[in-house]
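Let's take a friendly walk through a protein structure, with an eye on the charged side chains. Have the sequence and the 3D view ready.

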Amino acid sequence: MGFIARILLLGAGLVLVTAVAIGGLWYKFSQPAPVPILDLQYWGPGKEKPDITTIKPFKVNVSSEVLDDLRDRLDLLPSLTPPLEGANFRYGFNTEYLQKVVQFWLNEYNWRARETFLNSLPQFTTHVGGLQLHFIHAKPREVPAGVRVLPLLLLHGWPGSVREFYELIPLLTAARPGAGFVFEVVAPSLPGFGFSEGAAKPGLGPAQMGVLFRALMERLGHKEFYVQGGDWGHVIGSAMATLFPKSVLGFHTNMVFLTTPLSQFRLLLGSFIPSLVVEPEHYNKVYPIVKNFMYILEESGYFHLQTTKPDTVGVSLRDSAVGLAAYILEKFSTWTDKDWRSLPDGNLEKKFSLTNLLDNVMIYWVSGSITTSMRLYSEAFTKQYLGLQIDSVPCIVPTAVANFPNELSYTPKKIAEDKYRNLVQFSHLPRGGHFAAFEEPQLLANDLWDAVENIRKIRFQSLSKIKK
Amino acid sequence: MGFIGKFLVFGAGLALLVGAGIGGLWYKLSQPAPIPKLELQYWGPGKAKADDITIKPFKINVSNEVLEDLRDRLDLLPPLTPPLEGANFRYGFNSDYLQKVVQFWQNEYDWRSRETFLNSLPQFSTQVGGLQLHFIHAKPREVPAGVRVLPLLLLHGWPGSVREFYELIPLLTAARPGAGFVFEVVAPSLPGFGFSEGAAKPGLGPAQMGVLFRALMERLGHKEFYVQGGDWGHVIGSAMATLFPKSVLGFHTNMVFLTTPLSQFRLLLGSFIPSLVVEPEHYNKVYPIVKNFMYILEESGYFHLQTTKPDTVGVSLRDSAVGLAAYILEKFSTWTDKDWRSLPDGNLEKKFSLTNLLDNVMIYWVSGSITTSMRLYSEAFTKQYLGLQIDSVPCIVPTAVANFPNELSYTPKKIAEDKYRNLVQFSHLPRGGHFAAFEEPQLLANDLWDAVENIRKIRFQSLSKIKK
């Protein structure tokens with residue numbers, strides 16, 4: 001064979017190999033992973049003990065010593081390095097503005113009044129998996145005749161807490177005219193966050209937290225329930241819907257985040273053939289890939305650190321109240337609107353009051369839970385946890401996604417449907433960012449009511465078809 | 001042409017394209033970038049002012065208030081979250097062991113005597129580029145007849161300080177029998193570190209620091225000098241050697257780190273054809289790429305956070321002495337030997353005494369410089385700084401590399417030579433990690449003496465050739 005013929009043959013071979021490879025990759029990534037079986041484990045210190053299943057009422061009641069100590073720390077704050085000229089929020093929390101937050105904290109913020117407010121929702125604790133779990137349990141005050149009470153598990157994330165739900169919960173437990181149902185809300189503090197005890201043993205990742213929450217709901221008499229979550233609440237809720245399709249009646253999320261090989265592969269293909277992936281009106285939320293990737297890089301330093309060394313940075317955050325406030329509140333600015341990084345105060349008080357923001361910081365401070373909260377990042381990225389491949393297991397539970405415009409990332413419907421095989425609702429809300437429940441409780445509530453309405457309608461239709 | 005014929009031609013075209021692509025890429029990446037021109041700028045607050053060029057003697061003398069405040073803070077440390085069972089140093093600094101460090105700090109560490117020790121080397125300060133720079137200036141006590149005194153600029157990194165050089169400097173300023181030279185050492189605190197003032201304006205990256213240091217050396221009467229550095233000291237020294245080949249007689253480094261497109265491309269090719277890149281005996285230091293990449297990912301959380309949000313985490317580190325200690329000392333364990341992450345105390349005191357380690361922490365604490373020190377990371381990764389492409393500019397200054405076995409990364413000689421075109425020495429030391437000067441001062445000193453001996457020999461040979 002001549003030289004040219006050999007080159008041609010080699011080239012043809014290369015093309016064939018590439019095409020087969022792409023096809024093979026697509027096939028491989030599309031293979032659903034098996035559903036992992038996860039049992040209830042013991043996460044407390046030392047040897048395993050049986051859980052004390054009593055449910056005790058709980059009230060937030062911080063000692064005077066803790067408050068005096070906090071006051072001393074705020075007073076003893078050393079002079080902070082001033083921001084670089086023109087930096088605003090682009091190198092992180094602006095220390096000039098931080099001084100104003102500290103002044104407010106010292107002179108205006110009244111913890112005892114906030115405690116009363118926090119205790120306005122009924123709270124309890126109980127032992128699950130060896131850990132003392134704290135939770136809000138809010139039942140509807142009035143249930144009109146014929147209206148079903150639906151149990152709803154509400155899951156917060158980081159650096160949030162149950163505080164994010166205080167404006168949302170009343171919108172869920174109040175009956176709506178014309179609606180055939182109303183919600184009974186169970187909102188736990190994630191293990192290691194706020195007043196929920198943290199694990200003493202390694203391995204408590206999002207799916208394992210889901211196992212604990214399912215046991216909690218069962219203890220409260222709910223074998224079947226709805227789940228709503230964003231941030232880690234999304235990850236945990238998604239794991240629960242995936243692992244326990246018989247327990248989860250419906251899953252509502254305000255932050256889908258998929259990094260499976262298939263989703264990444266599709267995203268990449270979509271930069272060549274967008275119609276494979278996203279509708280034209282949502283194209284700019286996803287592409288160009290590099291621009292989105294750079295934004296994620298700029299904003300994920302904390303994520304990278306907490307995934308690898310939570311205990312190191314946890315020391316200074318446990319020992320410095322103002323440091324903790326800066327670390328947490330930076331997110332409430334940037335994740336609500338990333339353009340606010342160009343403003344001297346990060347526009348922090350545009351959508352949230354300082355009082356409400358400090359409520360959340362205080363929950364971390366008085367419980368000393370910052371380190372245990374950050375460990376969730378490490379536990380979600382161990383070899384063992386990633387080996388469960390939960391994101392690659394199809395979720396057949398009816399799912400609703402609420403897309404808020406300033407959320408950190410956007411997953412197109414076509415990609416979400418690879419995972420959520422029963423996607424019944426996929427909304428685009430007019431405003432709001434990452435902390436949707438805290439920032440836009442009415443919008444989130446409405447979307448959740450709509451979603452559950454949809455899910456129940458579809459279920460009754462299938463049931464009536466079966467009966468026929 | 002039949003279908004198969006068309007397919008073969010298409011394939012051949014593709015093969016040719018790929019081949020041309022690789023060749024073209026190699027060619028493009030090999031193009032040296034032009035030498036940027038950097039002038040002395042004003043970095044102080046407000047409008048540019050002329051520098052006060054007086055050189056003032058400096059002694060460390062911390063006020064009693066600062067020491068009492070520190071004592072109070074150590075006493076007021078709240079109970080820290082215990083480590084997860086079996087965690088050791090794998091989630092970061094172990095808080096059980098940290099309590100022991102705090103005990104030592106409170107009861108045994110004597111700052112006043114350490115001050116005396118730190119003042120045993122002559123120190124000065126002077127204003128350059130609007131910033132008050134602190135530096136050690138150590139001259140040889142005795143200069144035998146015929147021995148040349150060579151000025152040496154010694155550059156530390158993060159989270160280090162000039163403290164790393166106290167055991168090294170006497171080994172450089174003491175004449176050696178048979179050597180035709182001895183060193184006069186200038187060791188500045190980097191701007192924003194320790195007792196050197198930090199910039200008020202954004203933009204002070206490593207190369208810009210190099211401009212300041214060149215001006216400093218000139219003010220001290222040295223138009224030509226040698227440079228030694230590791231960590232950021234390497235980056236700054238490398239920039240100086242690249243930008244000012246007429247000023248830098250020789251550059252000695254203990255940490256080459258290149259991430260130019262060419263070096264990454266070569267590294268990738270080397271995973272297929274190792275002989276293109278690394279000698280067999282050093283293969284395991286570089287490959288497999290994925291293993292090294294995973295290690296870098298595990299250890300670069302702090303890097304990612306400081307590059308993007310230094311001011312946020314800087315608040316808690318400024319406000320918590322123990323938090324600062326944990327954050328800094330974690331590196332002295334892990335970067336000295338990464339296997340120590342599996343030990344309950346991180347083997348922190350194996351190669352360093354707690355006293356010496358706390359000297360370095362105290363320099364950050366008493367100067368309140370942690371935030372300004374971390375900003376160096378942000379400034380080195382701005383669009384503008386990366387646009388200078390300094391790593392892609394060839395360095396023609398005689399260069400020596402000392403490879404310590406436990407350094408964080410290893411750059412093979414062939415790849416180093418893309419950048420350092422005049423590589424006169426490339427050693428492999430028998431022991432030691434990232435903090436080479438602090439951990440193995442004798443080994444580093446010997447290698448530096450050898451390097452300068454080599455550089456001078458080569459220069460005299462060229463000069464005598466010219467004369468002929």
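## A first pair to find

Which side chain meets that of B:R266 in a salt bridge? The partner is B:D418, with N and O 2.7 Å apart. (A salt bridge here means a side-chain nitrogen of Lys or Arg within 4 Å of a carboxyl oxygen of Asp or Glu.) This pair links distant parts of the chain: B:R266 sits in helix α8 (residues 261–270) of chain B and B:D418 in helix α17 (residues 413–419) of chain B, 152 residues apart. Helices (H or I, at least four residues) and strands (E, at least two) are DSSP runs, numbered from the N terminus.

How hidden are the two partners? B:R266 counts as buried at 13% relative accessibility, while B:D418 counts as partly exposed at 22%. Buried means under 20% relative accessible area, exposed over 50%, and partly exposed in between, using a 1.4 Å probe and protein chains only.

## What you're looking at

This is a predicted model, where local features need pLDDT of at least 70, side-chain atom pairs count only at pLDDT 80 or more, and totals for chains, interfaces and linings use all residues. Residues are numbered from 1 along each chain as its sequence is written, chains are lettered from A and ligands numbered from 1 in the order in which they are written, and side-chain values use heavy atoms, leaving out hydrogens and water.

Now look at B:D359, which is buried at 0% relative accessibility. B:R114 forms a salt bridge with B:D359, and their closest N and O atoms are 2.6 Å apart.

B:R163 lies in the loop between β4 (148–155) and α5 (169–173) of chain B, and B:D359 is in helix α14, so the pair ties together parts 196 residues apart in sequence. B:R163 is buried, with a relative accessible area of 0%.

## Over in chain A, and overall

In chain A, a network of salt bridges links A:R114, A:R163, A:E167 and A:D359. Over all chains, the count comes to 36 salt bridges.
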